[in-house]
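Reader: Hi! Could we walk through this one together?
Author: Happy to, here it comes.

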Amino acid sequence: MASTYYTEDHEWIRVDGGVATVGITDYAQEQLGDLVFVELPEIGRTLAKGDTAVVVESVKAASDVYAPVDGEIVEVNSALSSNPALVNSAATGDGWLWKMKLADAGQLSGLLDEAGYKALVG
Amino acid sequence: MPGDLKHLPLEDSHVVASARFGAFAGWHMPITYPAGVMKEHLHTRERAGLFDISHMKLIEVDGLQAAAFLDRACPLDAGALAAGQSKYTFLLAEDAGILDDLIVTRLGDTRFMVVANAGNADADIAHLGTIAKDFDVAVKPLDRVFLALQGPDAWAVLSRAGIETGALTFMTGMEPKPGWFMTRSGYTGEDGFEIGLPAADARELVKKLLEDDRVMWIGLAARDSLRLEAGLCLHGQDITPETDPASAGLMWAIPKPVRAAGGFVGAGALADIVARGPSNKRVGLKADGRLPVRGGTALTDEAGNPAGRITSGGFGPSAGHPVAMGYVPVTLAAPGTRLYADVRGTRVPLDVHPLPFTPHRYRKG
């Protein structure tokens, strides 16, 4: 069964069998505005928590999306190369950014749950 | 210092419209509305966008020597303007650096209206005040709400709202009512109008305009992408006290006889720059692919030598690709010249591109 976590940087992390799917929250996509480019990481890259994994470019500015936990990139959402607006229209669904194999599942306990995240964004 | 930001007189209207606010030039400004920058931008090109630009300053110049005063302050022949005629011009420093860009409109024999940028308004007023000491003229900053209605439907919308624009064509203006100032101009590349008016009148006008299906509020984010596609300079980025009208490619705004007479502040320095030729030139730049290249990014040539920098860059919703402006050495300024920018380690190719990226659609009469 998948469980979903959140970060204070407005990412969501859906974990299923040791693999985490990561995206930005609906609140985050609203704050960023219309995205025109998503710079995806290379598959196989190893990230430490806090490393920049993805850069999203809106009409106006570029913003970093950080790795919420340690792990290795196993898949990226290549649909975003031609349609970055998927992040705006379906931030928590088809607009996911990357999947990573968790290096340490214990790190998940440091993340927010849905109630904690809702309290954060009001 | 968010607490020190100035607030628009109609801020409550933008709150009601669910604007997202941000700081710009010392003002708390609507950046986007719920439609988002992309839709706001495209709506302006297709219908009519309403902008609250009350952060910009209207300054009335009034007095027997008003024209002579403006000819000293700006590279301008103010006396040659017909009543109602507007002109794009500058305030220059003694070294010909651009202190601000302005629109000056002749209202009468001895009265003119100056429209100044928000971030420079206080400095402009002080600068004008100093020059005014030598002339029989009064420099009067006005408190007005300032609205822009831009887009192909702007004229029809105003007409339906009961605002008669009469014979106004691009870059002409008039005073339709006491306290009002209206020009057919704007900063989007589209046909449109700018209207300065008292706050109470503005509330009434905004209400009427928003009742029209063709009108929506447009925030500063789309104002920026619209002006960038139109190849128009933003003071503070594309033109600054460190750039001059010759490098910026804006000498068309300075009539030849005005250059020759040399009576304006900065004339000597500008003549020197023109005589030896500027070393850099402002150009449009189009990136390959979809990755936007932002202001401040350094440029290199094919061999990796420094080749200037981007001053404004982003995505052009109407152009459908990234758009940018910047300064490059004059030897690399020809359209089609290939340059490169480093964006987070990726070498992004850009071509020098003619400006504007989207054709101007002004109503020239």
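This is a predicted model: local features need pLDDT of at least 70, side-chain atom pairs count only at pLDDT 80 or more; totals for chains, interfaces and linings use all residues.

Reader: Thanks! How many bridges join β2 and β3 of chain A?
Author: There are 6 bridges between β2 (residues 11-16) and β3 (residues 19-24) of chain A, and the two strands run antiparallel. Strands here are DSSP runs of E with at least two residues, helices are runs of H or I with at least four residues, and both are numbered from the N terminus. Two strands pair if DSSP finds at least two bridges between them.

Reader: And what sheet do they sit in, in what order?
Author: An open sheet of 6 strands in chain A, ordered β1-β2-β3-β9-β8-β5, with antiparallel pairing. β1 (3-6) and β5 (46-47) of chain A each have a single partner strand, so they stand at the edges with one side lacking a neighbour in the sheet.

Reader: What does A:Y5 touch?
Author: A:Y5, which lies in strand β1 of chain A, touches A:E11, A:W12, A:I13, A:V15, A:L108, A:L111 and A:L112, leaving aside residues up to four places away in sequence. Contact means heavy atoms within 4.5 Å.

Reader: Which strand does β6 of chain A pair with?
Author: β6 (residues 52-58) of chain A pairs with β7 (residues 62-66) of chain A in the antiparallel sense, over 5 bridges. A hairpin through 3 residues joins β6(A) to β7(A), and A:V54 has A:V65 in β7(A) as its bridge partner.

Reader: How do you define a cavity or a pocket, and a volume?
Author: On a 1 Å grid over the protein atoms alone, a cavity is a set of points where a 1.4 Å probe fits but cannot get out, and a pocket is an open set with protein on both sides within 12 Å along at least five of seven lines; lining residues have an atom within 4 Å of a point. Grid points are joined across faces, edges and corners, and a volume is the space filled by probe spheres set on the points.

Reader: OK, what about the second largest pocket: which residues lie nearest its centre?
Author: A:E30, A:L32, A:G33, B:R20 and B:T32 do, out of 26 residues in the lining. The space in the second largest pocket is about 550 Å³. The largest share of its lining, 4 residues, comes from α1(A).

Reader: Now chain B, what domains does it have?
Author: The assignment, which is an automatic or database one, gives domain 1 (2-54 + 144-229), domain 2 (55-139 + 244-277) and domain 3 (279-365). The C-alpha centres of domain 1 and domain 2 of chain B lie 25 Å apart.

Reader: What area is buried between domain 1 and domain 2 of chain B?
Author: About 1,400 Å², with carbon and sulfur atoms giving 63%. In domain 1 of chain B, B:M171, B:E175 and B:F181 lose the most area to domain 2 of chain B, together 38% of what that side buries. Buried area is the accessible area (1.4 Å probe) that two parts lose on being put together, summed over both.

Reader: Last one: which peptide bond is cis?
Author: The bond from B:L355 to B:P356 is cis, with omega near -5 degrees. B:P356 is in the segment after β20 (346-353) of chain B.

Notes:
Residues are numbered from 1 along each chain as its sequence is written. Chains are lettered from A and ligands numbered from 1 in the order in which they are written. Side-chain values use heavy atoms; hydrogens and water are left out.
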